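Here is a short report for a reader who is new to this structure. Have a look at the model first, then read on.

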Amino acid sequence: MTRLDLHLHSTASDGVLTPTEVVRLAKERGLTTIALTDHDTTSGWEEAMAAGRELGVEVLGGFEINSETDLGHIDFLVYGADAQNAALQDFLLTIRDARVGRAKGMVQKLAELGMPIEWARVLHFAGDAKSIARPHVARALVEAGHVASTQEAFDHYLNDQGPAYVHRLEVKPQEVIDIIHQAGGVIVLSSPEHSKTTPLTATLAALGLDGLEVYYFDHTAEKKAELLELARQHNLIVTGGSDFHGDKTHAELGSVEVPPEVLLKLKDRIRQRGSA
Ligand SMILES: [Zn+2]
C-alpha cells in the first residue's frame, strides 16, 4: 500500500535529522514514498536517494522556496526539477546568499533587543545545511539562555511580525515559475492559509502554477475541501505532507494522511513538465 509524505526537511536545510536518518525513519513509519523538500537546496537529494535505494523507500527530489512577492508572502514546493540545471542552481544560490544576510540581520536585531548571540553559534547550528534559516537562530537563542525553547523564540521574536524578523529576498512569482518549468519541475503553492487564497490561486494558476498543497498538518477538513475545489477549478494537482523538521515545530513524519492517487498525478505532471 502506498503511504506518502511529500513535505520533509533534513539537515540540508533546517531539519534536525540527516537525509539518511529521515529516510530510515520513513521506513520505520511504513512510508513507501517521500519527497525531501529542504529550503532552497537540492543538496540532500543524493544522500536521501541512496538511502532510499538501500532501504526500499522511494525518494523524490524536491525543495521549498519561501518568497516575498508583489502578491505577498508565498511559499512554493517544487518536485522533479533537474538538479543539474544551471539556471535553477544559480537561482537557488541567490536565495541562499540572501538568507545569510537575513540571518545576520536577525542576529543584529536580537543584540539590539538585549539578546546577543554569536554568529558562529548560528553557523554551528546550521552545520552542513546549505541554507541558513530561522530555526538555526532559534537554537542559538536557546543555547544562550535567552529563551527556553525554539517555539518561544518564534512566538516572541522570530515570527513574521516579531521584533527580530527580517524580510526575505523579493522575487517575482512568474520568474520563479518559469525557472522551475525550464528545469522540468512541477511547482505547487504550499499550505496556503490566508484569506487571499482564492484570488492568489487564480493569479498563480494563470502564471503556470501546477498544484496546491492540500493535505497539511494544520489544515482543517473545511480548508482541505476549499483547496480541493480550487484545485479542481484551475486544473491543479494536489500534494500533501507533514512539514516534518525533526523537532516539535511542525508535525511528525508520516502523520498527515495523503491519498495514494496524489502520487500518480504528481508523477504524471512531472513527466509532462520534463518532456515540455
Ligand atoms: Zn516546509
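Two strands pair if DSSP finds at least two bridges between them. Helices (H or I, at least four residues) and strands (E, at least two) are DSSP runs, numbered from the N terminus. This is a predicted model: local features need pLDDT of at least 70, side-chain atom pairs count only at pLDDT 80 or more, and totals for chains, interfaces and linings use all residues. Residues are numbered from 1 along each chain as its sequence is written.

**The chain as a whole**

The protein chain has 10 helices and seven strands. Its C-alpha atoms fill a box of roughly 50 × 45 × 40 Å, taken along the principal axes.

Buried residues make up 47% of the 276 residues. A residue is buried if 20 or more other C-beta atoms lie within 10 Å of its own, exposed if 12 or fewer, and partly exposed in between; C-beta atoms are placed from the backbone. Two residues are in contact if their C-beta atoms lie within 7 Å. Among contacts between residues at least 6 apart in sequence, 70% join residues at least 24 apart.

**The sheet**

In what order do the seven strands of the open sheet stand? The order is β1-β2-β3-β4-β5-β6-β7, with mixed pairing. β1 (4–8) and β7 (237–241) stand at the edges, each with a single partner strand, so one side of each is left without a neighbour in the sheet. Neighbouring strands are turned by 30° against each other on average, direction ignored. Strands of a sheet pair through backbone hydrogen bonds, either parallel or antiparallel. The table lists pairings from this sheet.

| Strand pair | Sense | Bridges |
|---|---|---|
| β2 and β3 | parallel | seven |
| β3 and β4 | antiparallel | eight |
| β5 and β6 | parallel | two |
| β6 and β7 | parallel | five |

Some bridge partners can be named. Leu 36 has Gly 61 in β3 as its partner. Thr 69 is bridged to Gly 72 in β4, and Glu 64 stands opposite Leu 77 in β4. A hairpin of two residues joins β3 to β4. Further along, Leu 189 is bridged to Leu 212 in β6. Tyr 215 has Gly 240 in β7 as its bridge partner.

**Helices and crossovers**

Helix α1 (residues 19–28) lies across β1, β2 (33–39) and β3, and runs at about 150° to β2. Helix α2 (residues 45–55) lies across β2 and β3, at about 150° to β3. Axes are lines fitted to C-alpha atoms, for helices over the stretch in contact, and angles run from 0 to 180 degrees between N-to-C directions.

β5, helix α8 (residues 197–207) and β6 make a right-handed β-α-β unit. From β6 the chain crosses through helix α9 (residues 221–233) to β7, and this crossover is right-handed. Right-handed has a set meaning: with the strands pointing away from the viewer, the path from the first strand over the helix to the second runs clockwise. Strand β6 (residues 211–216) is mostly covered, with six of its six residues buried.

**The cores**

A nonpolar core is a set of buried Ala, Val, Leu, Ile, Met, Phe, Trp, Tyr and Cys residues joined through C-beta atoms within 7 Å. The largest one has 57 residues, and Ile 34, Leu 36, Phe 76, Val 78 and Leu 212 touch the most other members. Strand β4 (residues 72–79) gives the most to this core, with five residues. Apart from it lies another core of 21 residues, among them Val 107, Phe 125, Ala 126 and Ala 164.

**A look at Ala 81**

Where does Ala 81 sit? Its place is in the loop between β4 and α3 (86–112). Ala 81 counts as buried because it has 25 C-beta neighbours inside 10 Å. Beyond four places away in sequence, Ala 81 touches Leu 88, Ile 180, Ala 183, Gly 184 and Gly 185. Ala 81 and Thr 42 are 39 residues apart in sequence and 9.4 Å apart in space, C-alpha to C-alpha.
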